[in-house]
Amino acid sequence: MSQQFDVIVIGAGPGGYIAAIRAAQLGMRVACVDEWKNAAGGPAPGGTCTNVGCIPSKALLQSSEHFDQANHHFAEHGIAVSDVRMDVAKMVARKDSVVKQNNDGILYLFKKNKITFFHGRGAFVKAVDGGYEIKVSGAAEEILVGKQIVVATGSTARPLPGTPFDEQLVLSNDGALRMGTVPKKLGLIGSGVIGLEMGSVWRRLGAEVTILEALPEFLGAVDQQIAKEAHKAFVKQGLKIELGVTVGAIKVGKKGVNVAWTNAKGEAQTLDVDKLIISIGRSPNTVGLNADAVGLKLDARGAIEVDAECRSNLSGVWAVGDVVHGPMLAHKAEEEGVAVAERMAGQHGHVNFNTIPWVIYTNPEIAWVGQTEQQLKAAGRAYRAGSFPFLANGRARALGDTTGMVKMLADATTDEILGVHIVGPMASELIAECVVAMAFRASSEDIARICHAHPSLSEATKEAALAVDKRTLNF
Ligand code: FAD
Ligand code: NAI
């Protein structure tokens, strides 16, 4: 006998569990199915984000940043520390406990919102009268029927062809987040978001880190003035970043990995490392979903094809998050999850894709929203730019962290803010004001006229807005 639901959500990452909660809030009878297992084989809802993504990476970034501060920056504050040692096992255990708190938090939220959670793999069986039959394969097998289905099955790390992840020597994000010791030499392929965050963690802990990047430009999608500033800082910290690289044969030995590569000048090179992290992007995950059984359409990348409102080709089947088009970000998945739940309830859910912020949690942090200067130039849009360096910000000086700047781009005629790009301390928090400003279609003049607390890093945002009109007060 099957169990009946208004909505079955497949996947309990940020896209899925948030969709489930919002649907339950709107009065629907909701089931959520997720197959992620913790080390003991129990449920671990939260998806990539909670288990091997956003949360554990930020835990390790925090621990390694404390270590770096103690080693290199406490002295300038007059704090003498000696014999600073890193207990990697303890750091990783702390990270695991942070992950568990988040897993438990989601299980609690399911209970609170009366969502029925099923631990196992969810797969389409067939369309039935008024919905779809979903089989859950877990400790037991269950057959569920949902009037509407939300697919939120996320993404998985993309391997290099011919070099599968063994998570011992060749690591995806998963292995990169649970190394038991600091490798002497660490190689990374791809200097995108994961390459820079994971490279930073292990460099701070003492690894000699080399990143091989195919593109000739560093962080090509980021405003290039900001990317250049960040590149300078990373190189100064000791990250070796090789751009314009072609990766050749990869030989995995018993104790290390040898990578043949060609540099931007076409010269043959080799890199011998103890561990190699491959961070060249992620692929949408529909493995085991049995999409064919119901004719659910995928695109050429293997992502579920959806319209701008996350509707698939099948009536009553929606998809959100990494498994559909758009940036692979937890907050984008969540926004889509909320919007889909509201649409299922007959409301007008909405996601503003122009104001989705990006953050790279390195030191300095990099954060942006809206368009870059190179995008505006390519589009032929007339704009004015204003920037303000943290070097001239009192709070940044007091913190002892004056790297970087805030840069604002505004329409030359209407002054509407078109993009804000930050590299520097707490960029991840500062960007929120800029997202709000853009969501309300504020002008740079609006930000320039708002009182910002002194001394605060946010004054750099106000000053960047003043700089658009060439009237900074402190620079
Ligand atoms: P996922 O989080 O991938 O969740 C999908 C879930 O579905 C998983 O639990 C999976 O087990 C389950 N599932 C799949 N198929 C089935 C099935 N058939 N049946 C049952 N369950 C199934 N984003 C940010 O915004 N900020 C960050 O700081 C950030 N850091 C990251 C760091 C790393 C190292 C990585 C790898 C990613 C990071 N991301 C970050 C990206 C973020 O993790 C993803 O964008 C986000 O998790 C996508 O959410 P989702 O719900 O679409 O999918
Ligand atoms: P990415 O797309 O950010 O970066 C991949 C990099 O690898 C690119 O620079 C690309 O040019 C390079 N590359 C691709 N093929 C290559 C090859 N054969 N040789 C050398 N370089 C190659 O992907 P990444 O870092 O794997 O992260 C995946 C996604 O996860 C991100 O795009 C992001 O959506 C998400 N994420 C978000 C984070 C955040 O928000 N702070 C943190 C980590 C991941």
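Predicted model: local features only at pLDDT ≥ 70, side-chain atom pairs only at ≥ 80, totals over all residues.
A polar contact is a pair of N or O atoms within 3.5 Å. I wrote that down before looking at Met 328, where a backbone N or O atom lies 3.2 Å from an oxygen atom of ligand 1.

**Entry 1: around the ligand**

I looked for other backbone atoms that touch ligand 1 in this way. Leu 329 has a backbone N or O atom 3.2 Å from an oxygen atom of the ligand, and for Gly 15 the distance is 2.9 Å. Then I checked how covered ligand 1 is. Taken alone it exposes 1000 Å², and the protein buries 95% of that.

Next I asked how many residues surround ligand 1. I got 38, and the closest are Asp 34, Thr 48, Lys 58, Gly 122 and Asp 322. Sorted by class, the shell has 15 nonpolar, 17 polar and six charged residues.

Which element gives the largest share of the shell? That turned out to be α2, with four residues. Among the elements that supply at least two residues each are α1 (14-25), β3 (116-128) and α8 (330-344).

**Entry 2: salt bridges**

Side chains of opposite charge can pair when their charged atoms come close. I found 27 salt bridges in the structure, and picked out a few.

Asp 6 and Lys 147 meet through their side chains at 3.0 Å, N to O. Asp 6 sits in strand β1 and Lys 147 in strand β5, 141 residues apart.

Asp 68 and Arg 203 form another salt bridge, at 3.8 Å, N to O. This one links helix α3, which holds Asp 68, to helix α6, which holds Arg 203, and the two residues are 135 apart. Buried means under 20%, so Asp 68 at 8% is buried, and Arg 203 at 13% is buried too.

**Entry 3: a network**

My last pair was Asp 469 and Arg 384, a salt bridge at 3.1 Å, N to O. Asp 469 lies in the segment after α13 and Arg 384 in strand β19, so this pair ties together parts that are 85 residues apart in sequence. Asp 469 is partly exposed at 33% relative accessible area, and Arg 384 is partly exposed at 29%.

Which residues join Arg 384 and Asp 469 in one network? I noted Asp 415, Glu 445, Arg 449 and Arg 471, linked through salt bridges that share partners.

Technical notes. Residues numbered from 1 in each chain as written. Chains lettered and ligands numbered in written order. Heavy atoms only, no water. Near = heavy atom within 4 Å. Polar contact = N/O pair within 3.5 Å; in protein donor to acceptor, adjacent residues only side chain to side chain. Areas by Shrake-Rupley, 256 points an atom, 1.4 Å probe, with all protein chains shown as cover. Nonpolar A, V, L, I, M, F, W, Y, C, P; charged D, E, K, R; others polar. Salt bridge = Lys/Arg side-chain N within 4 Å of Asp/Glu carboxyl O. Buried < 20%, exposed > 50% of the residue type's maximum accessible area, 1.4 Å probe, protein only.
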